[in-house]
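Please keep the structure open while reading.

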Amino acid sequence: MPVKVIVPTPLRRFAAERSSVECEAATVGDALRQLTTSYRELKKHLYTDDGRIRSFVNVYLNDDDIRFLKQEQTRTKDGDTITIVPSIAGGADAARLRLIV
Amino acid sequence: MPIPTDTLKKTPASLNKEEILRYSRHLIMPEIGMEGQLKLKQAQVLLIGTGGLGAPLGMYLTAAGVGRLGLVDFDVVDFTNLQRQITFSTQDVGRKKSEAARERLSGMNPQIQIDAFEMRLTSENALELFKDFDVIVDGTDNFPTRYLINDACVLLGKPNVYGSIFRFEGQATVFGYPGGPCYRCLYPEPPPPGLVPSCAEGGVIGVLPGIVGAIQAMETVKLILGAGDPLAGRLLLFDALGMHFREVKLRKNPACQLCGEHRTITKLIDYEEFCGIRGEETTVAVTAGIPEVTPREFKARLDRGDDLFILDVREPHEYQICNLKGHLIPLGDLPKRVSELDTSREIVAHCRSGKRSADAVEFLQKAGFRKIWNLKGGILAWSDEVDPTVPKY
């Protein structure tokens, strides 16, 4: 099932500046796993060490939040769009960019 | 669903001849008319932040005739703000933002009441400040304040018109609408500090907050009028580069700790601690354990002929603005390019202001580098203290 995963601006630098990635996936989880396999640095930003999606990142299948569907087990179909939406706040100088290592 | 009329000011309002002429383009619209314009006149809106988002917000709400506008900001106008904070002019640099904005907006519309609150919004003052206003608009630039605004609005039952931006992307919605989700329904926890770069580090295209702030102003007017469909329950996503607007559904989270069925948050908390910022450095000074060298010390060592390897951890486009002829490895690429560095050489790492390079030094120390220093204050401090011909940006 070809689906499109939209990469939000804050994460594009970890996905070779791609704004979206197409992949074949049967579930949302499959699509995200393929994305983070192709772009390993993305994994740390999307997932915690114990494999859960980070709490400041939301994932939508088309326009539905997967938390209210079947989480990563939500099945996808041809032409679906998966959108990753991290929280953004605009520009206070207090933030320091950190490497996640 | 309009704002319940009992939350609007009780004193009956009318429009004088000048107001009727000023707002005539509203009055001739059947969707607004005298009734709508009077609702605007009776409305009290509090803008938190008078920066990039606050600029179009303040201007359009002033132009629309919102009866009372509160402007909350503790900051002063900086030269780098002028690229996007269009309320301010060059002469305002150095002035308090809330006061400069109040003056500009009063000139646009002397008929409305504009109150400047030169203060930092905190858990101690938020509830008291918010209680007299009908709508709160979030034009802030940091996570702790966004959570504070959200929590205060939910506790007081006020709508929170939310907008946020990053580089070329924006988000907008209305939280705290009756029956609708709050910010914590969407994001129960903030990102760890430093994960999402600030405008100073990540940059932002100046027009972007102009668009998102204007959307927030539109939503505020709609809430006051009770017109159209507010963005409550929808998150508007704007990609300026592709010029795409998309929408995703926002649902109230039944497990939300603030507005859910079994809420655990019943009062305001320490938001800096919640966001992990308590104890973080907020100035250019680096954390203990990061060895640093001042620009003058660095210059002295170079003049002496010391064999120092200069590592520049900025981005390529920054290197083009100005550089110290260092070896460029952007911070994000450092883990995979660390083999380009020689542990036997003395390395001085720098960035623009000393923050990213401090992170680089910390990373390299963990990777086994022992002869590594952070240039304190970065290339900005180098320009200030050693070579003023180096442009600051």
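## Model and domains

The model is predicted. Chain B is assigned two domains. Domain 1 of chain B covers residues 5-274. Domain 2 of chain B covers 292-385. Taken over C-alpha atoms, the centres of these two domains are 40 Å apart.

## The eight-stranded sheet of chain B

Chain B holds an open sheet of eight strands. Their order is β3-β2-β1-β4-β5-β6-β7-β8, and the pairing is mixed. From one strand to the next, the twist averages 15°.

One pairing can be followed in detail. Strand β4 (residues 135-138) of chain B runs parallel to strand β5 (residues 160-166) of chain B, and three bridges link the two. Ile136(B) faces Asn160(B) of β5(B) across this pair. A helix, α5(B), also packs on the sheet. The strands that α5(B) touches are β2 (68-72) and β3 of chain B. The directions of α5(B) and β3(B) make an angle of about 170°.

## Helix α4(B) against α5(B)

Two packed helices are described by the angle between their axes and the distance between the axes. For helix α4 (residues 54-64) and helix α5 (residues 97-108) of chain B, the angle is about 30° and the axes are 9 Å apart. Angles under 35 degrees count as roughly parallel, so α4(B) is roughly parallel to α5(B). The crossing of these two helices is right-handed.

Which residues of α4(B) meet α5(B)? They are Gly58(B), Met59(B), Thr62(B) and Ala63(B). Their counterparts in α5(B) are Ala101(B), Leu105(B) and Met108(B). By class, this contact of α4(B) with α5(B) has five nonpolar residues, two polar and no charged.

## Helix α4(B) against α10(B)

Helix α4(B) also packs against helix α10 (residues 207-225) of chain B. Here the axes come within 7 Å and cross at roughly 35°. The crossing of α4(B) with α10(B) is right-handed.

From α4(B), the contact takes in Gly54(B), Ala55(B), Pro56(B), Leu57(B), Tyr60(B), Leu61(B) and Ala64(B). From α10(B), it takes in Gly210(B), Gly213(B), Ala214(B), Gln216(B), Ala217(B), Thr220(B) and Val221(B). Nine residues of the contact of α4(B) with α10(B) are nonpolar, five are polar and none is charged.

## The five-stranded sheet of chain A

Chain A has an open sheet of five strands in the order β2-β1-β5-β3-β4, with mixed pairing. Why is one side of β2 (20-24) and of β4 (64-65) of chain A left without a neighbour in the sheet? Each of these edge strands has a single partner strand, so one side of each has no neighbour there.

Strands of a sheet pair through backbone hydrogen bonds, either parallel or antiparallel. Strand β3 (residues 57-61) of chain A runs antiparallel to strand β5 (residues 81-86) of chain A, and five bridges join them. In this pair, Val59(A) has Ile84(A) of β5(A) as its bridge partner.

Helix α2 (residues 28-38) of chain A lies across β1 (2-6), β2, β3 and β5 of chain A. Helix α2(A) runs at about 120° to β2(A).

How values were computed. Residues are numbered from 1 along each chain as its sequence is written. Chains are lettered from A and ligands numbered from 1 in the order in which they are written. This is a predicted model: local features need pLDDT of at least 70, side-chain atom pairs count only at pLDDT 80 or more; totals for chains, interfaces and linings use all residues. Domain bounds come from an automatic or database domain assignment. Axes are lines fitted to C-alpha atoms, for helices over the stretch in contact, and angles run from 0 to 180 degrees between N-to-C directions. Helices (H or I, at least four residues) and strands (E, at least two) are DSSP runs, numbered from the N terminus. Angles under 35 degrees count as roughly parallel, over 145 as roughly antiparallel, 65 to 115 as roughly perpendicular and the rest as oblique. A crossing is left-handed if the near helix is turned anticlockwise from the far one by less than a right angle, and right-handed if clockwise. Two residues are in contact if their C-beta atoms, placed from the backbone, lie within 7 Å. Ala, Val, Leu, Ile, Met, Phe, Trp, Tyr, Cys and Pro count as nonpolar, Asp, Glu, Lys and Arg as charged, and the others, Gly among them, as polar. Two strands pair if DSSP finds at least two bridges between them.
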